[in-house]
Amino acid sequence: MNTYKLNKLKPNELKTIGHYTGYICLIMSLLMVVPIICGFIFHDPERFVNSFIYSAIITFISGLLLVTLFGRKQVTNLSLKGALIFVLGIWGIIAIYSGLPYLLSGELGIFDSFFEAMSGITTTGFSLIPVEVHPYSVAMWKALTQWFGGLGIIVLLLVIVPSSVSLKRLFFAEGRTEQMTPNVKHTTMIFLKLYVSITTLGVILYLLLGLNLYEAVCFTFTSFATGGYSIYASDAHIFNSLPIQIVTMFLMILGSTNFVIHYRILKGNTKNLFKDIELRAMFIIIGIATLLIMISLYTNGYYNQDILVIFRHSIFQVISVMSSTGFVSQDIAAWPQFSFFLLILLTFVGGSICSTSGGIKLYNIVILFKSIIWEVEEMMLPKNTIKPKKINHDKKVREISNKSIKTILIFVVSYILIFILSTFVILFYCNDFSLATTVAALSIGNTGISIDYISASMPFMVKLILIIDFWVGRISVWPLFLGVLYLINRAESKINNLNNK
């Protein structure tokens, strides 16, 4: 069998990918107007304003050319393989265009600009630019990239493109494994409306607490998108305010909760809501982790052993890290090692599926642990006895097949293997095991807690492996694996064809 023909995308699929990429470039160029306006209002240095103007023009022209060159008549339905490869590629392409302002302003080089942009759109939040030198336009752009990255590039696309069979495949390829309605187009519209509505609510709440409009918008963008980028060098003075902490925790929980649940609540359909395994797991883990960190801080004499202060900072950090946001109200690196590494462990957990959070996701974690219990139970049952594997999720009891368990297990193992590989690469350069594991866990978990090691002076290979971690953490391992296998098969086929000539 000719593996080249088996794995090669059809020409019309490539043209369809080009057409859809053009649409996304047009959307990106319109979003760049926001930092341009911000730069004019706050009188940013001319080089920063101009960098966004030029970037917007380049991105708009690129989009227009792609849409025109690959016209709608050439658009066809994408196969699942085509959809996965498109999702993998489009995040890389958009990172290139999102990084143009950093490059054209002279702040960063080509590769560092790509790193900065990928960190932003994947809602990770690591930055190579010191916060102290961020002009208003750049800070707004970093917050905005996290906001639309949390929403999802494919969601933005599906809102504007005509309906087709490809829509459902694209929707699932980006990791949206559940729908609010049977129609994917309708689902994406609901998702967008919910996203914008909660964002508006967040801005209003922050304004009522005394933040100015610029602060309210930026903190809402990064709290709800669980991105965690801060417009200040330290978050401490912002999160010293208990009301601001409460609003931020509220937004982070909303961002890390399955959007299908948001939709059910708005529709008034709350029956059996708290039987949902993801919601129950979220609050149980938050409760246990908060209690353990409180005990650790109290027994080590932190905060004069004031229980209320300890509780306040403990629960804030647990929610911030587990939601993959990364805001810090205190210097958690100075906390007891038990507390610090428990927080790092929570980055692997993440939030719900169909949320803005990174990590393995609560659904997968619960199924993984339940599968252990189911396996032990089956060992104790009489031979040939079949015990149904059921969970409560999205208002109904679902039966979990062995195939689903196998898929989740492979995903989790793949996630951990990528983390281990990343740790080894970072460890080779930094020679600090604790630092290497922390940076790798934060990167693949899309939790960009500020660490001194993250800077433009990092070795190229470390930056490269972190970019891959950002990518995998945001769109899952499947598009990456398929993309790599596809390229390998293409290369092998071309080599075989040359040898046969």
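**Exercise 1.** Does Tyr-429 count as buried, partly exposed or exposed, and what is its relative accessibility?

*Solution.* The structure is a predicted model, and the values below are computed from it.
Step 1. The relative accessibility of Tyr-429 is 39%.
Step 2. Buried means under 20%, exposed means over 50%, and partly exposed lies in between.
Step 3. Tyr-429 therefore counts as partly exposed.

**Exercise 2.** Classify Phe-428 by its accessibility, and then describe the ring pair of Phe-428 and Tyr-429.

*Solution.* 
Step 1. Phe-428 has a relative accessibility of 67%, so this residue counts as exposed.
Step 2. In the pair of Phe-428 and Tyr-429, the centres are 5.2 Å apart and the planes stand at 80°.
Step 3. Planes over 60 degrees apart count as edge-to-face, and the pair of Phe-428 and Tyr-429 is edge-to-face.

**Exercise 3.** Determine the geometry of the ring pair formed by Trp-141 and Phe-148, and state whether these residues are buried or exposed.

*Solution.* 
Step 1. The ring centres of Trp-141 and Phe-148 are separated by 6.3 Å, and their planes make an angle of 55°.
Step 2. An angle under 30 degrees would count as stacked and one over 60 as edge-to-face; the pair of Trp-141 and Phe-148 is therefore tilted.
Step 3. Both Trp-141 and Phe-148 are buried.

**Exercise 4.** Describe how helix α5 packs against helix α7.

*Solution.* 
Step 1. Two packed helices are described by the angle and the distance between their axes.
Step 2. For α5 (residues 80-98) and α7 (residues 110-121), the axes come within 8 Å and cross at roughly 120°.
Step 3. Because of this angle, α5 is oblique to α7.
Step 4. The crossing of α5 and α7 is right-handed.
Step 5. Residues of α5 in the contact include Trp-91, Gly-92 and Ile-94, while those of α7 include Phe-114 and Met-118.
Step 6. The contact of α5 with α7 comprises eight nonpolar residues, two polar ones and no charged ones.

**Exercise 5.** Carry out the corresponding description for helices α16 and α17.

*Solution.* 
Step 1. The axes of α16 (residues 277-299) and α17 (residues 307-322) come within 9 Å and cross at roughly 135°.
Step 2. It follows from this angle that α16 is oblique to α17.
Step 3. Helices α16 and α17 cross in a right-handed sense.
Step 4. Among the contact residues are Met-282, Ile-285 and Tyr-298 of α16, and Phe-311, Ser-314 and Met-322 of α17.
Step 5. In the contact of α16 with α17, 15 residues are nonpolar, two are polar and none is charged.

Terms used:
Residues are numbered from 1 along each chain as its sequence is written. This is a predicted model: local features need pLDDT of at least 70, side-chain atom pairs count only at pLDDT 80 or more; totals for chains, interfaces and linings use all residues. Side-chain values use heavy atoms; hydrogens and water are left out. Axes are lines fitted to C-alpha atoms, for helices over the stretch in contact, and angles run from 0 to 180 degrees between N-to-C directions. Helices (H or I, at least four residues) and strands (E, at least two) are DSSP runs, numbered from the N terminus. Angles under 35 degrees count as roughly parallel, over 145 as roughly antiparallel, 65 to 115 as roughly perpendicular and the rest as oblique. A crossing is left-handed if the near helix is turned anticlockwise from the far one by less than a right angle, and right-handed if clockwise. Contact means heavy atoms within 4.5 Å. Ala, Val, Leu, Ile, Met, Phe, Trp, Tyr, Cys and Pro count as nonpolar, Asp, Glu, Lys and Arg as charged, and the others, Gly among them, as polar. Rings of Phe, Tyr and Trp (its six-membered ring) pair if their centres lie within 6.5 Å; planes under 30 degrees apart count as stacked, over 60 as edge-to-face and the rest as tilted. Buried means under 20% relative accessible area, exposed over 50%, partly exposed in between (1.4 Å probe, protein chains only).
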